[in-house]
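Please read the points below with the sequence and the model at hand.

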Amino acid sequence: MPNPVSSPGLRSCLLSSIVLLGGCQAQAGKPGTSPAALPHVADAAADVMARGEYLVRIGGCNDCHTVGYAERQGEVPTAQWLTGSPLGYHGPWGTTYASNLRLRMQEMSEAQWLAYSGNLRTRPIMPDFTLRAMSEADRRAIYRFVHSLGPAGETAPAYLPPGQTPPAPYFSLVLPEAPAQGAPAAPATATAPARN
């Protein structure tokens, strides 16, 4: 039976493969050749961080989780972002406070954050549905950006159940009373401005 490796074409192919594998192993042992040192890997990591910052900015995270963000029209240094707020949101659900995401993200691994954020259901005024609607890649980018900021600030006040008046400052959301059982709803009256 003929030896299959004796074929000149196959021998050449095997020799090329061995040389190529040897070159890869030699590169792997050199300093500075870790995946993080490769330009495309570093660029990808920077892109994820930039995406996370962008999503935090346009997703409205700072509007509640960063003190003074709305009042200063977004002109708050990144070092002060997402440290929570003492402003309560008071309504029929009780009183909620925007948590300190900087501390929260330090307590969670990336996998825990992805599971948590993908299934989050909480009280108003947090728009948890927008976070759940994000792709896993977007939620990962948010995690990596916020986690990279490191811990800062204090823990936000704890949730207060309905019937408890929160200490100031708080924003009270008053809902209109529902119509009585069986009573017809009042017709909506809208008038258009007169045109000249």
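1. The model is predicted: local features need pLDDT of at least 70, side-chain atom pairs count only at pLDDT 80 or more, and totals for chains, interfaces and linings use all residues. Residues are numbered from 1 along each chain as its sequence is written, and side-chain values use heavy atoms, with hydrogens and water left out.

2. Helix α7 covers residues 136-149; helices (H or I, at least four residues) and strands (E, at least two) are DSSP runs, numbered from the N terminus. Its 14 residues reach 20 Å from first to last C-alpha, close to the expected 20 Å, which is 1.5 Å times one less than the number of residues. Gly150, with a positive phi near 80°, follows α7.

3. Buried residues of α7 include Ile142, Tyr143 and Phe145; buried means under 20% relative accessible area, exposed over 50%, partly exposed in between (1.4 Å probe, protein chains only).

4. In helix α5 (residues 110-118), the buried residues are Trp113, Leu114 and Ser117. Seen down the axis of α5, they fall within an arc of 100°, so they line one face of the helix; the arc is that of the directions from the helix axis to the C-beta atoms. These residues pack against α4 (101-107), α6 (128-133) and α7, contact meaning heavy atoms within 4.5 Å.

5. Asp128 lies in helix α6. Asp128 counts as buried because its relative accessibility is 9%.

6. Tyr97 belongs to strand β2 (residues 94-97). Its C-alpha atom is separated by 6.7 Å from that of Pro86, eleven residues apart along the chain.
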